[in-house]
Amino acid sequence: MTVAAPGKNGEAVLRLEDVSKHFDGLRALDRVRVSVLPARITAIAGPNGAGKSTLFHAATGLVVPDEGRVYVGGKDVTGSNPEKMSKMGLARTFQDPRIFGGLSVLDNLSILFKPDRTSWRDRRKILWKKTKALLERVGLLFTDEAMAGTKAGTLSFGQQKLLSLAQALAVEPRILLLDEPFAGIHPVQADRLESLLRELTEEGMSILLIEHSVQRILELAHRVYVVHDGRNLAEGVPKDVFSDPDVENVFLKQRRDRTTQ
Amino acid sequence: MEYAGHLFFLICIYAMLASSLDLVVGYAGLLSLGHAAPFGMGAYATALLLLRTDLPFWTVTVLGILVAAGVHFLIAIPSLKLKGDFFTLATLGFAETLRIFTQNLTPLTRGPMGLPGIPQPLAILPAVSPTLQFDAVACPVTVCVVVGLRIAVRSRFGKMLQAARDDAEWLSSLGKNPERIQRAAVFIAGSVAGLAGALYAQYTTFIEPSVFGLTESILVLCMVILGGPGTVWGSIFGAGFLILLPESLRWIGLPAPLLGALRQMLYGILLVVFMLFRPRGVWGNPWAWRSMR
């Protein structure tokens, strides 16, 4: 299977074209367009219930769009299942941490690495080395194998979320979709995560990020799409988009709603 | 001695059945009420081959295992498309279908009259009781099966299976096919149950369609739950306990009809008590249990 090639001359590596999705009469997505640029961070912003997560589901094959197409590296992959999307070079995380709770932290990652033909003892050593490096990368400190033997289900929310990210990285994707990766993460680790995302793009990874914090989008993203009521409201460079009165209205309205509640 | 040997043989057979069901229930997280299906298929295939062909013992046993595993695998393909309780109902439905099929396919299976006079090619020593000879075979076979299952669940395959149990959607998002792994587990469990069925048919020399019965499936499931799903070892304990406990009732001197009813009641009571107070079973893997709820 072909892995998504980094788009040539700034061509989008992942493109959603006029994607619509209805759930029992509820319009979750209405002709939404999103393009993920190669080796860049693209952000999606919008109030709760705007359809951001559904957009992710449509992009990764978890839901099949009613209308519209999904392209990876220029290839139409609409309707492919999550497994096939992963093989195309896509990996994602969910808003809630998704891990294999009954397995150890080590096994959560080791089952995802490609098996290599080495002797049993070497394999164990190599697996631990790879696991440790990946855990450190996302900011989880497990100093030895015994410590990484703890059941993943016993970790805290934030730790599970970081492990989930490590799992997505373990499959060596070209395009990474992150659904609110900073929510529930300790501020120190959040800063670390920010620099990790920058590092990843420097290495050539393309990232699509759902994020609520305008500040963080301004700092991190090269491009932002604002989605509201399942539709594209605005897109462009974050600085310009967030000074758009329409966008300000949506975000301000959200804030006003919160204060009046 | 003969009686103890008989009980020992039954424990071996049920230990194989329960530990293989644990692979499906405890590790794959698929609550099956149809484990009697591969057991019955193994028993019937072996019995028919022994009665109607001159094939050597090992060939017959291997064919019995393959038929059982194949049927179990074929059942799994549509059943795995269903989730949760619907999967359970599908397994129950398939096992019952096989029972009714065997009961009505009289030209081949003699229907409810069963298949009597199954040869015992395993009992080769005329001076030693067949029971003890079967024990001598069943014991090492069971040990190999249990150790093999233990190795399987600790392997990459076993871990992948547990990952599919914990979160199949997440596993497929990471590029693995959870259904394929679960189908492999069902095939392995089916072959072990088929082996148990093959040995059982030769030992008892008589089988009837009730080997496919729901009571059989429930008994094996009780053993898994009692011992603790997701442990393999627990199933052996469960098998030993649920074979020996009802036998011990023989000694209190109740009339036979009452005894049968008492046994069934005991299974029910034990199941309720364990579900209420120790849902993880005696050994218990909390993750395996969580996924069963």
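**Notes on a predicted two-chain model**

1. The C-alpha centres of domain 1 and domain 2 of chain A lie 29 Å apart. Domain 1 is built from two stretches, 8-98 and 172-260, while domain 2 covers 100-154. Please keep in mind while reading that this is a predicted model.

2. Now for chain A as a whole. Its C-alpha trace spans about 60 × 45 × 40 Å along the principal axes. The secondary structure of chain A comprises nine helices and 10 strands. With a radius of gyration of 19 Å, close to the 18 Å from the globule rule for 261 residues, chain A is as compact as a globular protein of that length. Of those 261 residues, 44% count as buried. If you look at contacts in chain A between residues at least 6 apart in sequence, 69% of them join residues at least 24 apart.

3. Which strands pair with S3(A)? One is S8 of chain A (residues 206-210), parallel to S3(A) over four bridges; there A:Thr42 has A:Leu208 as its bridge partner. Another is S9 of chain A (residues 223-228), also running parallel to S3(A) and joined to it by four bridges. In S9(A), A:Tyr225 is the bridge partner of A:Ile44.

4. Over in chain B, helix H2 (residues 36-52) has 17 residues and reaches 24 Å from its first C-alpha to its last, close to the 24 Å expected at 1.5 Å a residue. Because 15 of its 17 residues are buried, H2(B) is largely enclosed by the rest of the structure.

5. Helix H4 of chain B (residues 85-104) also agrees with expectation: its 20 residues should span 28 Å at 1.5 Å a residue, and its end C-alpha atoms are 29 Å apart. Its buried residues include B:Phe87, B:Ala90, B:Thr91, B:Phe94, B:Ala95 and B:Leu98. Among the elements of chain B covering the buried residues of H4(B) are H2, H3 (57-79) and H10 (214-227).

6. Finally, the contact between the chains. How many residues does each chain bring to it? Chain A supplies 19 residues and chain B 17. On the chain A side, helix H2 (residues 82-87) gives the most, with four residues. By type, that side divides into seven nonpolar, seven polar and five charged residues.

Key. Residues numbered from 1 in each chain as written. Chains lettered and ligands numbered in written order. Predicted model: local features only at pLDDT ≥ 70, side-chain atom pairs only at ≥ 80, totals over all residues. Helix = DSSP H or I, 4+ residues; strand = E, 2+ residues; numbered from the N terminus. Expected span 1.5 Å × (residues − 1). Buried ≥ 20, exposed ≤ 12 C-beta atoms within 10 Å, placed from the backbone. Contact = placed C-beta atoms within 7 Å. Nonpolar A, V, L, I, M, F, W, Y, C, P; charged D, E, K, R; others polar. Rg over C-alpha atoms; globule rule 2.2 N^0.38 Å. Domains from an automatic or database assignment. Pairing = 2+ DSSP bridges.
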